[in-house]
Amino acid sequence: NRVQYAGGLIGYIYGKNDGQRPSVQDCHNEASVTVREVRISSSAIGGIAGRAEFTWFRNCSNTGTVSFPTEGKGGIHYYAGGLIGSTGLSISLRRSYNSGSVQADSSAGGLVGKLAGSGAKVTSCYNSGEVKSKRYAGGLVGRIGSEAAGSQVSWCYNCGPINLNINGRYMGAIFGGMEAGDYENLFALKRTDQPDRAMVGY
């Protein structure tokens, strides 16, 4: 499939700079978002938006399944998020939640598949959906890249299962992988079906 970005509401959204950012507010998606045989590296899908930069999100929710079920080309990276697949510079996500299942063998997160680009802020959000990935599975964010310096995630929680019935690398109840940024007041339910799940996989 040649689609690079897909979302329940928006494929790709971006503003010009910090002073000129579009706003996505009071939105809900319950449709499934599925891309099969992904072939383009850094492809991303999300319950609300596939990719976003210089954008505000407020009071958004997703209950639909978000899934990259098959690879069309090996050795590439691709991301699935319950709300946003991947981020660039300066996104803000507040008071939003995901309860749909999220799957991508490269990186999957309950809220964001990959957080990249400086200046991102994720606050007062939660995930209750299952997250599944062979690499980088996180209850809130699948992977936070080194380019996310200056980003913040705070006052969020996860109560959904992580790789409940599949094996994988870098699995965390909060983050699958974390390389940069500031994070505080994050919580995860200690599930009886996954009592030893780490908060951060890497």
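How many bridges join strand β21 to β24? I find 3 bridges between β21 (residues 135–138) and β24, and the two strands run parallel. Before going on, I note that this is a predicted model: local features need pLDDT of at least 70, side-chain atom pairs count only at pLDDT 80 or more, and totals for chains, interfaces and linings use all residues. Residues are numbered from 1 along each chain as its sequence is written, and side-chain values use heavy atoms, with hydrogens and water left out.

**Sheet**

I looked up the strand order. An open sheet of 6 strands reads β1-β6-β11-β16-β21-β24, with parallel pairing. Strands here are DSSP runs (E, at least two residues), numbered from the N terminus. Two of them pair if DSSP finds at least two bridges between them. β1 (5–7) and β24 (169–172) are the edge strands; each has a single partner, so one side of each has no neighbour in the sheet. Neighbouring strands of this sheet are turned by 5° against each other on average, direction ignored. That angle is taken between axes fitted to C-alpha atoms, on a scale from 0 to 180 degrees between N-to-C directions.

**Ser-133**

Next I took the loop between β20 and β21, where Ser-133 is found. Is Ser-133 buried or exposed? Ser-133 is buried, at 0% relative accessible area. I use buried for under 20%, exposed for over 50% and partly exposed in between (1.4 Å probe, protein chains only). A polar atom of the Ser-133 side chain lies 2.5 Å from the backbone oxygen of Ala-104.

**Salt bridges**

I searched the whole structure and got 6 salt bridges. The criterion is a side-chain nitrogen of Lys or Arg within 4 Å of a carboxyl oxygen of Asp or Glu.

Lys-134 and Asp-105 meet at 3.8 Å, N to O. Lys-134 sits in the loop between β20 (131–132) and β21, and Asp-105 in the loop between β15 (102–104) and β16 (107–109), so the pair ties together parts 29 residues apart in sequence. Lys-134 is partly exposed at 47%. Asp-105 is buried at 16%.

Glu-147 bridges to Lys-114, with the closest N and O atoms 3.4 Å apart. Glu-147 is in the loop between β22 (141–144) and β23, while Lys-114 is in strand β17 (residues 112–115), 33 residues apart. I log Glu-147 as partly exposed, at 38%. Lys-114 counts as buried, at 12%.

Arg-143 and Glu-179 meet at 3.1 Å, N to O. Arg-143 belongs to strand β22, and Glu-179 to the loop between β25 (175–178) and β26 (182–188), 36 residues apart. Arg-143 is buried at 18%. Glu-179 is partly exposed at 34%.

**Surface patch**

Which residues form a nonpolar patch on the surface? I list Trp-155, Tyr-157 and Phe-187, with about 350 Å² of accessible area together. Patch members need over 30% relative accessible area and no salt bridge; nonpolar side chains (Val, Leu, Ile, Met, Phe, Trp, Tyr) are joined within 5 Å, like charges within 9 Å. The areas come from the Shrake-Rupley method with a 1.4 Å probe. Trp-155 lies in strand β23 (residues 152–158). I record Trp-155 as exposed, because its relative accessible area is 51%.

Note on methods. Helix = DSSP H or I, 4+ residues; strand = E, 2+ residues; numbered from the N terminus. Polar contact = N/O pair within 3.5 Å; in protein donor to acceptor, adjacent residues only side chain to side chain.
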